Amino acid sequence: MAVAQFEKAADHLDLDSNLRERFRSPQRALVVSVPVRMDTGKVKVFQGYRVQHDRSLGPSKGGIRYHPEVNLGEISALAMWMTWKCALMGLPYGGAKGGVNCNPKELSFYELQRLTRRFTSEIVLWIGPEQDIPAPDVGTNEQIMGWMMDTYSQQKGYAVPGVVTGKPIGIGGSKGREEATGRGVVDTVIEAFKHLDISPSHSTAGIQGFGNVGVNAARLLHERGVKVIAVNDSQGGVFNPKGLDIPQLIQHKTQHKTVQGFPHAEPIKNEELLCLPCTALIPSALSEQITEKNAHNLQCKILAEGANGPTTLEADQILIDKGVFIIPDILANAGGVIVSYFEWVQDLQNYFWKEKEINEKLFEIISATFYQVLELSQKKRVSMRMAALMQGIDKISKAHLARGLYP
Ligand code: NAD
């Protein structure tokens, strides 16, 4: 899917065939075995990956995913999208992604810690503040980033906060990072409302996935007066046409580890949630959720892709034909990597910024990019997704041409 999207954008750009060949596959892909002593005393071996797609603009950057479906293909696709996303946002990074094939929900706290430390030491020669900087993604969080930072620092002999982003604030994390992806999604949705002349107080939203991205998107939409009418997670969903009480729902999720069973709401199935009539639908879980099977039934005006790759190529075309305004993943969910970039800059300078400053700088970058993409899509008569990809790919192509081919 990532390669097919790339090929389409490359056609629009009339991209040099030598560059095409290079961009189709990652610069490097590392597969590691991660032996972990389980609490039972037995050793279990997990497969881990780190893929660096491009490093022409600076170190590579991308999250670490812990999920039972993690594989080399998925991680490589996510790494490619990171390259286009960072370039689109004007960040001095290439794209990377990593992950371990495991089910973190079945691992104890100490098993998770041992797995993270061993995985980090298996990829230690590949990462670093000047080389490649991991961050949280599905199934990982600031605690896991803290362990990665500590493992790397133990091997160096001194604290290296800039090796990962999304770590706890007490060890060099940034204010605003935890909510940054959700905040960026909401910033782009509000700009889309302005563009389409929709008032937030007369609009509704449905959110698939209630983890880091979904929770923060729901909270910030609720604060801006948008009625969040449905959300779900891997165990089930809840719906209230009058709007869910999001602060209470977050409390419920923290207590029960799921949104299921939340009072003052009806249960809703995943497929029903995706097809609800609403102003903005925000997929914030996994990839390939909107396919040719369900795209015809979607009833949203705006699709804001909090998740990476939630819409298949076929579904994308169906939605365009239906007139849905799509804010593509590399634009909608870029808030995370933008504030990760701020975190890295703060770590390198040992000088930390105020939260207000971070949120304002995030808004400046993401809203300006939103309008650049919108303008390009109107000028070239292409979809928002194509325009975003074209802008990102064009920047990387120019960097490769300026640097030339070694040797
Ligand atoms: P997370 O692990 O915190 O949350 C994922 C959520 O999705 C959980 O609530 C889970 O229960 C839910 N989920 C899983 N399968 C589901 C299903 N079939 N139906 C409904 N819900 C389901 O992960 P996250 O960090 O919030 O990431 C979510 C998406 O956003 C991913 O695609 C990720 O790549 C993307 N993303 C995350 C960040 C970030 O900073 N965390 C940045 C950019 C993009």
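## The ligand site

An oxygen atom of the ligand sits 2.7 Å from an N or O atom in the side chain of Thr 181. The model that shows this is a predicted one. Asp 137 also reaches the ligand: one of its polar side-chain atoms is 2.8 Å from a ligand oxygen atom. Asn 212 uses its backbone instead, where a polar atom lies 2.9 Å from an oxygen atom of the ligand. Taken alone, the ligand exposes 830 Å². The protein buries 85% of that area.

## The nonpolar cores

The largest nonpolar core has 80 residues. Which of them touch the most other members? They are Trp 84, Val 189, Leu 221, Val 231, Leu 249 and Ile 327. Helix H3, residues 72-88, gives the most to this core: nine residues.

In soluble globular proteins, nonpolar side chains tend to be buried together.

Leu 221 lies in helix H7. Is Leu 221 buried or exposed? Its relative accessible area is 0%, under the 20% cut-off, so Leu 221 counts as buried.

Which residues does Leu 221 contact, leaving aside its neighbours within four places in sequence? The list is Val 186, Val 189, Ala 205, Ile 207, Val 226, Val 228 and Ile 282. One of these, Val 189, is also named with Leu 221 among the core residues that touch the most other members. Ile 246 is 25 residues from Leu 221 in sequence, and the two C-alpha atoms are 9.4 Å apart.

## Ser 284, a buried loop residue

Ser 284 is found in a loop. That loop runs between strand E10 (277-283) and strand E11 (299-304). With a relative accessible area of 11%, Ser 284 falls under the 20% cut-off and is therefore buried.

What does Ser 284 touch, not counting residues up to four places away in sequence? Its contacts are Ile 207, Gln 208, Gly 209, Val 213, Gly 214, Gly 306 and Ala 307. Ile 207 is also in contact with Leu 221.

## Arg 50, a buried charged residue

Arg 50 lies in strand E2, residues 43-52. Arginine counts as charged, yet Arg 50 is buried, with a relative accessible area of 0%.

Where does the side chain of Arg 50 reach? It makes a polar contact with the side chain of Asp 132, at 2.7 Å. The Arg 50 side chain also reaches the backbone oxygen of Gly 63 at 3.3 Å. Asn 297 is 247 residues away from Arg 50 in sequence, and the C-alpha atoms of the two are 37 Å apart.

## Gln 251, an exposed helix residue

Gln 251 lies in helix H8, which covers residues 246-256. Is Gln 251 buried or exposed? Gln 251 has a relative accessible area of 58%, over the 50% cut-off, so it counts as exposed. Phe 262 is eleven residues from Gln 251 along the chain, and their C-alpha atoms are separated by 9.9 Å.

How values were computed:
Residues are numbered from 1 along each chain as its sequence is written. This is a predicted model: local features need pLDDT of at least 70, side-chain atom pairs count only at pLDDT 80 or more; totals for chains, interfaces and linings use all residues. Side-chain values use heavy atoms; hydrogens and water are left out. Helices (H or I, at least four residues) and strands (E, at least two) are DSSP runs, numbered from the N terminus. Buried means under 20% relative accessible area, exposed over 50%, partly exposed in between (1.4 Å probe, protein chains only). Contact means heavy atoms within 4.5 Å. A nonpolar core is a set of buried Ala, Val, Leu, Ile, Met, Phe, Trp, Tyr and Cys residues joined through side-chain atoms within 4.5 Å. A polar contact is a pair of N or O atoms within 3.5 Å; within protein, one must be able to donate a hydrogen and the other to accept it, and residues adjacent in sequence count only if both atoms are side-chain atoms. Accessible areas come from the Shrake-Rupley method with a 1.4 Å probe; for residues, only the protein chains shown count as cover.
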